Protein chains: 2
Amino acid sequence: MNTSTDARGRLVAAAQEMFAAQGVGATSPRQVLAASGVGQGSLYHHFPTKHDLAAAAVGATVADALAAARRDLDDAPDGDRTDALARVVAYLERPRDALAGCKVGRLTSDQAVMDDDGLRDVVTAYFVRLLDAVAATLRDAGLPEGAARDRAHAAVAIVQGGYVLARATGDPDAMRAAVRGFVTLLTDNPEETA
Amino acid sequence: MNTSTDARGRLVAAAQEMFAAQGVGATSPRQVLAASGVGQGSLYHHFPTKHDLAAAAVGATVADALAAARRDLDDAPDGDRTDALARVVAYLERPRDALAGCKVGRLTSDQAVMDDDGLRDVVTAYFVRLLDAVAATLRDAGLPEGAARDRAHAAVAIVQGGYVLARATGDPDAMRAAVRGFVTLLTDNPEETA
DNA sequence: GTCTATAGTTGGATAGAC
DNA sequence: GTCTATCCAACTATAGAC
């Protein structure tokens with residue numbers, strides 16, 4: 001892994017950027033190639049098919065996204081009950097490029113991803129782990145299992161739906177309004193029902 | 001409008017179905033043509049370009065979706081305060097084909113739609129009107145302007161995000177869990193803050 | 001490991017007969 | 001208004017020189 005790592009790395013980085021901007025299906029290997037600055041032979045040497053390139057790029061993007069979420073959610077070393085709900089709120093309110101859409105969530109309506117078992121599984125794993133992490137934090141906040149899972153689903157849905165609203169209306173404030181509406185309800189109801 | 005209406009209608013219906021299933025960008029005029037059963041000449045007679053076909057199909061899909069939402073939200077002829085919140089809950093809990101994704105929401109990550117001013121405007125108008133309708137119903141329920149708008153954004157985001165979660169996890173219950181988590185909070189907090 | 005050249009397919013769109 | 005035949009560009013991928 002000397003000069004080859006560089007070409008490979010540049011290809012993956014370029015692919016991540018283009019996939020985020022315009023989706024996997026709509027991005028051709030040729031475009032990635034042009035953006036990365038490497039030659040055509042290099043691309044097909046490191047990634048024999050488009051699937052291989054997509055797997056590397058999507059895997060890297062998912063790993064980044066999950067790490068970012070965990071930085072918000074797993075902040076406290078001990079189980080601090082009062083702080084746990086604040087960590088979920090911090091996750092919800094983290095500044096996001098709303099008009100760009102979620103790099104991972106957008107893949108769920110990308111035909112090229114959902115038709116490929118390997119890629120779809122990576123996306124599935126991301127959301128399963130994210131939901132688990134949010135639910136665990138809500139249990140730390142004192143919520144019973146059922147309510148924690150339901151509210152975790154709601155929290156992640158708010159973020160994903162916020163992206164959709166922002167893109168649809170062309171207004172980043174649409175996402176912030178959705179988060180605000182949900183956070184107000186969430187923080188006023190910290191621990192009843194299931 | 002005699003036999004031509006039939007061919008045109010079948011083309012639009014086929015396009016709506018295929019766009020919903022696999023997106024606009026991923027659907028070729030040739031596929032629509034094959035699914036509709038009409039000949040190639042017919043397609044290009046009624047719709048000179050793919051844009052024209054997409055505009056007709058997306059317009060029809062958006063009109064259907066908005067009408068469905070209004071059936072849930074505008075149910076009462078007078079301003080029934082206690083009933084209004086129930087109408088929003090009915091909108092949220094309406095059975096949906098969660099694994100298929102939202103026919104309109106998915107368009108927001110479709111490059112072919114967002115790059116086309118005409119198509120994007122149709123999608124934007126749908127969400128603006130939907131948000132207005134939900135917010136109006138929440139004001140009927142007694143919420144002040146600011147809270148009504150924020151919670152309307154949250155409600156629509158829950159539905160859109162619910163679709164994303166269901167598709168991502170391959171589990172229709174993921175959407176139901178998100179709706180349940182939100183509805184529980186919403187119905188316990190009918191009218192404070194802004 | 002990287003390059004240029006090119007194969008084979010499908011994309012969107014048009015021509016011209018009927 | 002509808003048909004078949006066809007054009008050209010872009011796509012994914014391969015071949016073979018360096």
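The largest pocket in this predicted model is lined by 23 residues, and those nearest its centre are Ala65(B), Arg94(B), Cys102(B), Lys103(B) and Tyr163(B). The search of the whole structure also returns five cavities of 30 Å³ or more. DNA strand C is surrounded by 19 residues, and DNA strand D is likewise surrounded by 19 residues.

**Largest pocket**

- The volume of the largest pocket is about 440 Å³.
- Two or more lining residues come from each of helix 1 (3-22), helix 4 (50-73), helix 7 (117-140) and helix 8 (145-169) of chain B.
- Helix 4 of chain B makes the greatest contribution to this lining, with five residues.
- By residue class, the lining of the largest pocket comprises 14 nonpolar, four polar and five charged residues.

**Largest cavity**

- The largest cavity holds about 190 Å³ of space.
- Its lining consists of 20 residues, and the closest to the centre are Ser109(A) and Val164(A) together with Gly105(B), Ser109(B) and Val164(B).
- Helix 8 (145-169) of chain A and helix 8 of chain B are the elements that give two or more residues to the lining of the largest cavity.
- This lining divides into six nonpolar, 10 polar and four charged residues.

**Surroundings of DNA strand C**

- The residues closest to DNA strand C are Gly39(A), Ser28(B), Pro29(B), Arg30(B) and Gln40(B).
- Of the atoms of DNA strand C that come within 4 Å of the protein, 57% belong to sugar and phosphate.
- At least two residues of the surface near DNA strand C are supplied by each of helix 1 (3-22) and helix 3 (40-46) of chain A, and by each of helix 2 (29-36) and helix 3 (40-46) of chain B.
- Helix 3 of chain A provides the largest share of this surface, five residues.
- The surface near DNA strand C is made up of five nonpolar, 12 polar and two charged residues.

**Polar contacts with DNA strand C**

- In the side chain of Arg30(B), an N or O atom lies 2.7 Å from a base nitrogen of DNA strand C.
- Ser42(A) places a polar side-chain atom 2.8 Å from a sugar or linking oxygen of DNA strand C.
- For Lys50(B), a backbone N or O atom is 2.8 Å from a phosphate oxygen of DNA strand C.

**Surroundings of DNA strand D**

- Pro29(A), Arg30(A), Gln40(A), Gly39(B) and His46(B) are the residues closest to DNA strand D.
- Sugar or phosphate accounts for 56% of the atoms of DNA strand D within 4 Å of the protein, and bases account for the rest.
- Four nonpolar, 12 polar and three charged residues form the surface near DNA strand D.

**Polar contacts with DNA strand D**

- Gln40(A) has a side-chain N or O atom 2.5 Å from a base nitrogen of DNA strand D.
- A polar side-chain atom of Gln40(B) is 3.1 Å from a base nitrogen of DNA strand D.
- An N or O atom in the side chain of Arg30(A) lies 3.0 Å from a base oxygen of DNA strand D.

Key
Residues numbered from 1 in each chain as written. Chains lettered and ligands numbered in written order. Predicted model: local features only at pLDDT ≥ 70, side-chain atom pairs only at ≥ 80, totals over all residues. Heavy atoms only, no water. 1 Å grid on protein atoms, 1.4 Å probe; cavity = no way out; pocket = protein on both sides within 12 Å on 5 of 7 lines; lining within 4 Å. Points joined across faces, edges and corners; volume = space filled by probe spheres on them. Helix = DSSP H or I, 4+ residues; strand = E, 2+ residues; numbered from the N terminus. Nonpolar A, V, L, I, M, F, W, Y, C, P; charged D, E, K, R; others polar. Near = heavy atom within 4 Å. Polar contact = N/O pair within 3.5 Å; in protein donor to acceptor, adjacent residues only side chain to side chain.
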